[in-house]
Amino acid sequence: MGTNGEVRFHYLRPDQWRARREACPVAYIPLGTLEWHGLHNPMGADGLQAEEIALRCAASGGVAFPTVYYGESRVNSLLETDPKYREGIAQRLGIDSALFGEDRFPYSGMEQISHYQQHLIHIMAEAASYGFELAVFVAGHYPLIEHARSAVLLYNQWAYDKKWKRIAGMAVADFQLLRGKYDPAGDHAGGWETSHLLASAPDTVDLSLATPESVYGVMSVRRPDESTAEFGEEIYEAAVEEIRKRVEDWKQNPERYLCHGMRI
């Protein structure tokens, strides 16, 4: 990304991000994970997609914070722990499936969930410490939308009665935003996510490994070998448009995002 168009907070000097914050005090925070996305896609597919959406959103105002790849539960809502795919994925990765077991982690699944939500609350507070007024969590790994929503609610509950102005928060995911516009919206490692990656990180995709004979752990009605960068570009922009609408609603009605029963 060129210097003139840089929107990544961690790449910007203080005068640069201050100018962007004063023009639009929004921090986009991409959330991903490390997870199997077929032989044809990279392990970081979720974070790469979330980051691309965040960057595109920030291009029209605000900044994109560093992508969060670590910390979510490694034993809940992950394809590697799905009984249907666990053994097959382990075999293809050349590891013992026992490595995916909860007993291999210092914390239980529920503790990992709690820790991750606390981590997101901390990130909201960190964005607030730099003067940003809205934190937008962009979930690339679909289950993280619930964690992000929970973090926003818990932060708001903690900060509700404070005398200082607190940061607002919202949580978004492309599949959620585009329901009804695409049937279905979203998938796992199929034509939706693979098209995303072809549009934004084409060097990470190998469609020769996406044939019907070689695919494994794909959840989609769209064949991954029929993915195109053009479709990826279309659905990226459709999601970005919806997020921009929500951010504009926050600008016009900030009180809706700070009250009890607030929008998230």
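1. A quick note on terms before we start: a residue counts as buried when its relative accessible area is under 20%. Keep in mind, too, that this is a predicted model. With that cut-off, Gln 112 is buried, because its relative accessibility is 7%. The residue sits in helix H4, which covers residues 109-129.

2. What does Gln 112 touch, once residues up to four places away in sequence are set aside? Part of the answer is a run from Gly 71 through Glu 72, Ser 73 and Arg 74 to Val 75, and Phe 105 and Tyr 107 are on the list as well. Glu 72 is 40 residues away along the chain, yet its C-alpha and that of Gln 112 are separated by 6.5 Å.

3. Staying with H4, have a look at how it meets H5. The two helices pack at about 60°, and their axes are 9 Å apart. That angle makes H4 oblique to H5, and the crossing is right-handed. On the H4 side the residues involved include Ile 113, Tyr 116, Gln 117 and Leu 120. Among their counterparts in H5 are Leu 144, His 147, Ala 148 and Ala 151.

4. H5 itself runs over residues 144-159, 16 residues in total. From first C-alpha to last it reaches 22 Å, close to the 22 Å expected at 1.5 Å a residue. As background, an α-helix has 3.6 residues a turn, so residues three or four places apart point the same way.

5. H2 brings Leu 48, Gln 49, Glu 52, Ile 53, Arg 56 and Cys 57 to the contact. From H8 come Glu 233, Tyr 236, Glu 237, Val 240, Ile 243 and Arg 244.

6. Is His 40 buried or exposed? His 40 is in the loop between E1 and H2, and a relative accessible area of 1% makes this residue buried. Beyond four places in sequence, the contacts of His 40 include Thr 194, Thr 204, Val 205 and Asp 206, as well as Leu 209, Ala 210, Val 218 and Pro 224. Ala 189 is another of its contacts, and the backbone oxygen of Ala 189 lies 3.0 Å from a polar atom of the His 40 side chain.

7. Ala 189 deserves a look in its own right. Its phi is positive, about 70°, although the residue is not a glycine. Ala 189 is placed in the loop between H6 and H7 and counts as buried, at 0% relative accessibility. Pro 184 is found in the loop between H6 and H7 too, and a cis peptide bond joins Asp 183 to Pro 184, with omega about -5°.

8. On to H7, which is mostly covered: 8 of its 10 residues are buried. Those residues are Gly 191, Trp 192, Glu 193, Thr 194, Ser 195, His 196, Leu 197 and Leu 198. They pack against H2, H6 and H8.

9. Ser 77 has a phi near 55°, a positive value in a residue other than glycine, and is found in the loop between strand E2 (63-64) and helix H3 (86-93). Ser 97 is in the loop between H3 and H4, where a relative accessible area of 9% makes this residue buried. Which side chain does Ser 97 join in a polar contact of 2.7 Å? That is Glu 87. Leaving aside neighbours within four places in sequence, Ser 97 is in contact with Arg 86 and Ala 90 as well as Glu 87. Ser 97 and Glu 80, 17 residues apart in sequence, are 8.5 Å apart from C-alpha to C-alpha.

How values were computed:
Residues numbered from 1 in each chain as written. Predicted model: local features only at pLDDT ≥ 70, side-chain atom pairs only at ≥ 80, totals over all residues. Heavy atoms only, no water. Helix = DSSP H or I, 4+ residues; strand = E, 2+ residues; numbered from the N terminus. Buried < 20%, exposed > 50% of the residue type's maximum accessible area, 1.4 Å probe, protein only. Contact = heavy atoms within 4.5 Å. Expected span 1.5 Å × (residues − 1). Polar contact = N/O pair within 3.5 Å; in protein donor to acceptor, adjacent residues only side chain to side chain. Axes fitted to C-alpha atoms, helices over the stretch in contact; angles between N-to-C directions. Parallel < 35°, antiparallel > 145°, perpendicular 65-115°, else oblique. Left-handed = near helix turned anticlockwise from the far one by under 90°.
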